Amino acid sequence: VKITSYGVRPIERPYFDKLNKYGFEMTYVEDLLTHDNAEASKGADAVLVRGNCLADRQNLEKFASWGIKYVFTRSVGFNHMDLQAAADLGIEMARVPGYSPYAVAELAFTLGMNLFRHVNLGISQTRQADFTISPAMFSKEIHTATVGIVGIGRIGYTEAKLYKALGAKVVAYDPYPSDAAKELAEMMDLPDLLKQSDIVSVHVPYFPGKNEDLIDDQFVSQMKQGAVLINTARGELANIPAILKGLADGHLDGYGADVVVDEVNILGKQFASVDDIPNQQVRDLVRANPRVLITPHVGSYTEPALQDMISISYDNFHDILTTGTTKNAIHAK
Ligand code: COI
């Protein structure tokens with residue numbers, strides 16, 4: 001069975017080889033799937049993508065015309081997968097519903113603690129040989145603080161555990177909390193969470209056309225003055241002008257994100273300067289450093305997460321090829 005896998009960085013190749021217990025014939029493409037490199041899948045039986053790959057109607061039509069029946073993603077998020085087009089074309093889709101939840105949770109936690117203790121503010125000053133201490137560096141301590149987790153699924157729950165271990169009060173908003181989540185965090189409505197939390201961390205899926213700009217003016221203005229907001233989920237969930245307004249009016253002391261809008265045009269690229277980032281809002285956000293911290297979507301870029309993504313994807317292919325279905329299939333509603 002031949003599988004073409006897109007977005008495979010050289011560091012990932014040995015894991016793909018080592019975990020290939022079913023003996024799939026793999027073709028690796030380092031770039032993400034775009035409209036220019038679908039041809040690399042000609043002759044394959046299946047395609048494996050990750051976030052920001054264009055698994056859209058245009059590419060799926062090509063895949064279908066070459067007899068490809070399976071287009072799977074090794075990411076949790078599947079907002080880049082056109083489920084309706086897949087259904088129309090008779091293509092099956094699946095995802096990896098969970099990999100090491102510590103991967104994203106630890107990054108969200110690290111960004112949160114950095115901004116909460118103004119670490120980046122201090123570093124950016126000392127890099128300029130400025131060793132003065134400004135009032136902006138005055139901090140609370142985490143064991144006296146309240147952390148609000150918006151979406152307490154696997155990742156949110158894991159981040160909640162990390163904060164809880166340091167003595168923070170952890171509150172959460174989720175329409176369908178697990179029993180374990182209810183035991184760990186005090187569940188409440190979103191407005192109450194926003195009002196109380198010193199750090200708010202968002203872990204909700206992005207559903208195109210449904211919840212973009214979840215973090216809007218109203219969301220930010222309900223936050224406590226001087227709070228920190230963390231988004232390691234999807235860039236589209238946060239309205240950048242609302243973030244910048246919150247930073248200006250004091251509701252936000254810091255914004256940390258592993259994700260931005262327009263990632264298909266930004267991720268994996270090195271621009272000559274901030275001026276060359278091809279999205280005005282992202283330029284504005286990056287320029288708001290040191291109170292804005294942006295990482296290049298590396299939450300899942302850890303060894304345990306990578307291994308899970310690959311081996312669960314291999315299992316998904318094996319299941320569908322041997323039984324005609326996989327428990328991780330995703331379908332249009
Ligand atoms: C996800 O799993 O949803 C991610 O964001 C990871 C990345 C490989 C796109």
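Me: How far apart do the centres of the positive and negative side chains of the protein chain lie?
Reply: In this predicted model, residues are numbered from 1 along each chain as its sequence is written, local features need pLDDT of at least 70, side-chain atom pairs count only at pLDDT 80 or more, and totals for chains, interfaces and linings use all residues. Side-chain values use heavy atoms, without hydrogens and water. Lys and Arg count as positive and Asp and Glu as negative, with His and the chain ends not counted; each charge is placed at NZ of Lys, CZ of Arg, CG of Asp or CD of Glu. The protein chain carries 31 positive and 41 negative side chains, and the separation of the two centres is 2 Å.

Me: Which element of the protein chain has the highest mean pLDDT?
Reply: pLDDT is the predictor's confidence in each residue, from 0 to 100; its mean over the protein chain is 97, and 100% of the residues reach 70 or more. Elements are DSSP runs numbered from the N terminus, helices being H or I of at least four residues and strands E of at least two. The lowest mean, 97, belongs to helix α5 (residues 119-126), and the highest, 99, to strand β6 (residues 146-150).

Me: What is the radius of gyration of the protein chain?
Reply: The protein chain comprises 12 helices and 13 strands. The radius is taken over C-alpha atoms, and the globule rule is 2.2 Å times the number of residues to the power 0.38. For 333 residues this rule gives 20 Å, and the protein chain is close to that, so it is as compact as a globular protein of that length, with a radius of gyration of 21 Å.

Me: What share of the residues in the protein chain is buried?
Reply: Buried means under 20% relative accessible area, exposed over 50%, and partly exposed in between, with a 1.4 Å probe and protein chains only. Of the 333 residues in the protein chain, the buried share is 47%.

Me: Is Ala129 buried or exposed?
Reply: Ala129 lies in the loop between α5 and β6. Its phi is near 65 degrees, a positive value in a residue other than glycine. With a relative accessibility of 63%, Ala129 is classed as exposed.

Me: Which residues does the cis peptide bond join?
Reply: Pro290 belongs to the loop between α11 (280-287) and β12 (292-294). With omega at about 10 degrees, the cis bond links Asn289 and Pro290.
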